[in-house]
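Have the sequence and the model open as you read.

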Amino acid sequence: MADVQDLRSLDKREIAAVCEGLGWPRFRGKQIFSWVHEKGVETIEEMTNLSLEQRQTLAAAYGIAPLRLVDTWQGDGGDTVKFLWRLPDGNTVEQVLMFYGGKETKDRVSTCVSTQTGCAMGCKFCATAMCGRGRNLTAGEIVGQILLANRWCQDHDRSIITNVVYMGMGEPLANWPQVKKSLQILNDADGLNIGWRRMTISTCGLADKIKELAEEDFQLELSVSLHSADDKIRSALMPINDRYPLDCLMEACDMFTEKTGRRITYEYAMFRDVNDSKQDAEKLCRLLRGRLAFVNIIPANPVAEAGFFPARSERIKEFVTILERNHIAVAVRHSRGQDIEAACGQLKRRNHRERQEADMPENKRK
Ligand code: SAH
């Protein structure tokens, strides 16, 4: 794989160009695209409607970068599954699959994918931030998570993925070119054909990038991790707020709703005695009044090292009542996967810890 290009990182137009370069007819491009991005093959050999000679020609310059499944954990009685993938360079990333049955949800299967191997944003309460900045994933590594998770679902007699949320490790808008490409590949009718409205980007609030996203006019879901409507508190939780304070962030959000007509979801992880008071709720109402907004309250997940604790349930109730009284759409989301450290902001930490321990000199000597 060393000096060959990863087909998973190529979109339909690029794969068509590869075929053109080899002097092959156009329909070959569509066939190859569908092998890679719909069927999720892991090798060129599996492309059985290409002759052996054609497969060899293709394999001379192209390949499919392997994502190796290192481990899986199942939680919530099998309704949440966490995967740990090893990337070709040895880095690891996590992915979460959530199965929702029932009449209303009609077998919704949602996956939370990673976009970076760490994160440089430094949110004080987030486990990924503690892993260091990491590197950007390629579009192929992002799409690969979904393709291979689908294969896992098929092998385990489970329904395949219907919704994709970019809420795993990393800041998607800090890796926008590759994230954008992955969205377009996932949306392609000859690939997995996942509708825009079934894909969500979550950002800590990179205002400039939100504006860029608005210009694209994609009909995707945008989630903004707000966590406070007060600049001082928000800056203490999320250093990115110093670069893009609330007025700057909200200007970008307004531009997004204006351009796309889409409502934005504001994520609000509630931490005990940090952002859970009546005043915090009132400030949030003032910030969102008149805006096309939905507030998602997440009882914070404990990340032991960070010293943040989940808000008490009475505080959450009181907070929600204030929002409702002010006609702000709100829901409390009970985060899945807590029993397997797969809940929001909890990814990778344990494995990272284990690796750190393994790297300690006394352990290496063994
Ligand atoms: N970088 C992106 C997406 C990854 S994090 C973003 O910031 O939106 C996904 C969500 O989990 C974000 O809303 C993040 O703020 C939240 N999160 C991180 N740590 C958390 C914790 N300990 N408890 C609750 N939510 C947390």
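The C-alpha centres of domain 1 and domain 2 lie 33 Å apart. An automatic or database domain assignment sets these as domain 1 (5-63) and domain 2 (68-355). Their contact (heavy atoms within 4.5 Å) takes 18 residues from domain 1 and 14 residues from domain 2.

This is a predicted model, in which local features need pLDDT of at least 70, side-chain atom pairs count only at pLDDT 80 or more, and totals for chains, interfaces and linings use all residues. Residues are numbered from 1 along each chain as its sequence is written, and side-chain values use heavy atoms, with hydrogens and water left out.

Here is the interface in brief:

| Feature between domain 1 and domain 2 | Value |
|---|---|
| Buried area | about 1300 Å² |
| Salt bridges | five |
| Residue pairs in polar contact (both at pLDDT 80 or more) | nine |

Buried area is the accessible area (1.4 Å probe) that two parts lose on being put together, summed over both. Of this area, 49% is on carbon and sulfur atoms. On the domain 1 side, R8, S9 and H37 lose the most area to domain 2, together 37% of what that side buries.

A salt bridge puts a side-chain nitrogen of Lys or Arg within 4 Å of a carboxyl oxygen of Asp or Glu. The side chains of E42 and R151 form one, at 3.2 Å, N to O. A polar contact is a pair of N or O atoms within 3.5 Å; within protein, one must be able to donate a hydrogen and the other to accept it, and residues adjacent in sequence count only if both atoms are side-chain atoms.
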